[in-house]
Amino acid sequence: MYTLEDLKQIMTRLRAEDGCPWDRAQTHESMKQYLEEECGEVLAAIDNQDTENLCEELGDVLYQIMIHCEIEKEKGNFTVDDVIDGISRKMVRRHPRVFGGPEVSGEPGSAASWEEIKRREREEKGYI
């Protein structure tokens, strides 16, 4: 079975000088339509309760994430590891009752507590 590390290497190889011309030519802008299409196919699989197709379509969305990350890695901006770290940190921060952290108002796990945490994050980043 392939792993995330394997997928990272596959993506790097596809975008390499001697890789796939189609993958090498892609940009964030050229990939937008495919991201939208693949997300729609995920939604259709969910609506159809088709778990086999859902697995495949989620893989296609993951490819979209990987190619966007690879493009940014090539520019020296960020990698898929940075994306994984960022979402992991966010999920831990936004679930203080599960992982520990400052308590927030609202019912645990409610939209109100989630929004309160988001508001605090925006304040800390100077977005408000």
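1. Tyrosine 34 counts as partly exposed, at 24% relative accessibility, and tryptophan 22 falls into this class at 40%. Partly exposed denotes the range between buried, under 20% relative accessible area, and exposed, over 50% (1.4 Å probe, protein chains only).

2. The structure is a predicted model, in which local features need pLDDT of at least 70, side-chain atom pairs count only at pLDDT 80 or more, and totals for chains, interfaces and linings use all residues. Residues are numbered from 1 along each chain as its sequence is written, and side-chain values use heavy atoms, with hydrogens and water left out.

3. A search of the whole structure finds one aromatic pair (ring centres within 6.5 Å, using the six-membered ring of Trp). Tryptophan 22 and tyrosine 34 form this pair, with 5.7 Å centre to centre and 70 degrees between the planes; the geometry is edge-to-face, a class for planes over 60 degrees apart, whereas those under 30 count as stacked and the rest as tilted. The pair links helix H2 (residues 21–25) to helix H3 (residues 28–47); helices are DSSP runs of H or I, at least four residues, numbered from the N terminus.

4. The largest nonpolar core comprises seven residues: Met11, Met31, Met66, Ile67, Cys69, Ile71 and Val80. Such a core is a set of buried Ala, Val, Leu, Ile, Met, Phe, Trp, Tyr and Cys residues joined through side-chain atoms within 4.5 Å.

5. Cysteine 69 lies in helix H4 and is buried, with a relative accessible area of 5%. Not counting residues up to four places away in sequence, cysteine 69 touches Phe78, Thr79, Val80 and Val83, contact meaning heavy atoms within 4.5 Å.

Technical notes:
Helix = DSSP H or I, 4+ residues; strand = E, 2+ residues; numbered from the N terminus.
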